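Please look over the sequence and structure below, then read on.

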Amino acid sequence: MFNNQRNIDMCNGKILGPLIAFSLPIMFTGLLQLLYNAADIIVVGNFAGDASVAAVSSTGALTNLLVNFFMGLSVGASVVISRAYGARDSRMVFESVHTAAVLAALSGVAVAVGGFFTAKPLLQLMGSPADVIDLSTLYLKIIFLGMPANMVYNFFAAILRAVGDSRRPLIFLAISGLINVALNLLFIIVFHMTVDGVALATIISQYISAAMITVCLLRSSGSYKLHLREIRIYRCAGEMLRIGLPAGLQSSLFSLSNILIQSSINSFGKIAMAGSGAAASIEGFVYTAMNSIAQATTTYTAQNVGARRFDRLNKINLYALTAAAVTGVSLGALVNIFGRPLLNLYISDATAIGYGIERLRWICLPYLLCGMMDVQANHLRGMGCSLMPTVTSLIGVCALRVFWVSAIFAIHRSLAVLYLSYPVSWTIVFIVNAITTVVVTHNLKKRA
């Protein structure tokens, strides 16, 4: 029931090699998800103009604000399932999987309805320029209609990863990603659509990936097999919410602070928005590579806590931090070296490219700090400590960036000063979470 050739044994043997092997499919899955938005920006940038690029690229912070809160629930589901799987508790795995299915459906509907009806007012609050806001609203409303599929895919992918299978989510997303790119080209070039075409292509591919991963769980033979008639809320929902809600709140706080930053970028006009949006899309690939290690850390840590292998926790944390740092340094340097040709894939305006290069210099070069911060927070969640990283993020990220924009940026009004708030906040949060990790690990070992 627990031994499956697709699943990695996380509680015995070496750590670094299997951790990297488990992280790589998560990384490629995340990169493919980014290609949804990158393909949108590249296609509209080449065939629909700078206004469409600004419309698509400026919506990321807003969608993340609404999506990330509910995606935190998938973190709670992943931790609970991983812990039960590590403890070989088949009943708890079964109940957790079916509870996660309910949370996925409810989350998807909530984001779809809430986002669809509040898209334009929220964009207005962000200070979206008048020559962009109508296109942004159209794009957002269509994207939000795909949120039920988005949530189902991500929750069910979290289930598979929780039991050590990170390959099949990659396969499903690869197929839907190719469909997304093909539909982008069809709708824009053949049917002469603009942002509505790329948004429609995205949600069609999302529903395809959700259908494939659902069929996969229905046909599984392990303790994580999905039975439609057994989908309901079980007692494990409380633990999922205890871990998942703070994780979702933390993600939302990051997104909220990013909306504040995006609003400040918007004040520089649509050319700055286009350049910053293109650079942000490139940064996303570096972030996803590092964050895949952070996601793997959650599963590894939770399974070992479930198996009571507390002796392995420090090594898991150390190896994950090292892997994230090396990844961030390497990719951050490469992106800055090849920044101009990479930006040319998205936009052609020389001024916009200049804005993009400035953002890459200030955010992407020190990106290893963000990766290490995420690893540390996810290691804490894997150990069942989810509230402290949220409190740290509230103070070290959200409050600091509000202060930064209202005080420092207000005095020294430049994009460089604005972007500097990122590495400063990453450093503060990482240090506090590292200290917390030492305390929590000691307490776990003491109780054992």
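Leu253 is buried, at a relative accessible area of 10%; buried means under 20%, exposed over 50% and partly exposed in between, with a 1.4 Å probe and protein chains only. The model is predicted, with local features needing pLDDT of at least 70 and side-chain atom pairs counting only at pLDDT 80 or more, while totals for chains, interfaces and linings use all residues. Residues are numbered from 1 along each chain as its sequence is written, and side-chain values use heavy atoms, leaving out hydrogens and water.

Leu253 belongs to helix 9; helices are DSSP runs of H or I with at least four residues, numbered from the N terminus. Asn378 is also buried, at 12% relative accessibility, and is found in helix 14.

| Residue | Relative accessible area | Helix | Touches |
|---|---|---|---|
| Leu253 | 10% | helix 9 (residues 237–266) | Thr390, Leu394, Cys398 |
| Asn378 | 12% | helix 14 (residues 368–382) | Ala294, Gln295, Thr298 |

Leu253 and Leu185 are 68 residues apart in sequence, and their C-alpha atoms lie 35 Å apart in space.

Helix 14 is largely enclosed by the rest of the structure, because 13 of its 15 residues are buried. Just after helix 14, Gly384 has a positive phi of about 95°.

The largest nonpolar core holds 117 residues, and Phe155, Tyr224 and Leu343 are among those with the most contacts inside it. Such a core is a set of buried Ala, Val, Leu, Ile, Met, Phe, Trp, Tyr and Cys residues joined through side-chain atoms within 4.5 Å. Helix 4 (residues 90–125) gives the most to this core, with 12 residues. A second, separate core has eight residues, including Val305 and Phe310.

The largest pocket contains about 230 Å³ of space. A pocket is an open set of points on a 1 Å grid over the protein atoms alone, where a 1.4 Å probe fits, with protein on both sides within 12 Å along at least five of seven lines; lining residues have an atom within 4 Å of a point. Of its 14 lining residues, the closest to the centre include Ile282 and Phe285. Helix 1 gives the most to the lining, with five residues.

Notes:
Helix = DSSP H or I, 4+ residues; strand = E, 2+ residues; numbered from the N terminus. Contact = heavy atoms within 4.5 Å. Points joined across faces, edges and corners; volume = space filled by probe spheres on them. Lists of a residue's contacts leave out its neighbours within four places in sequence.
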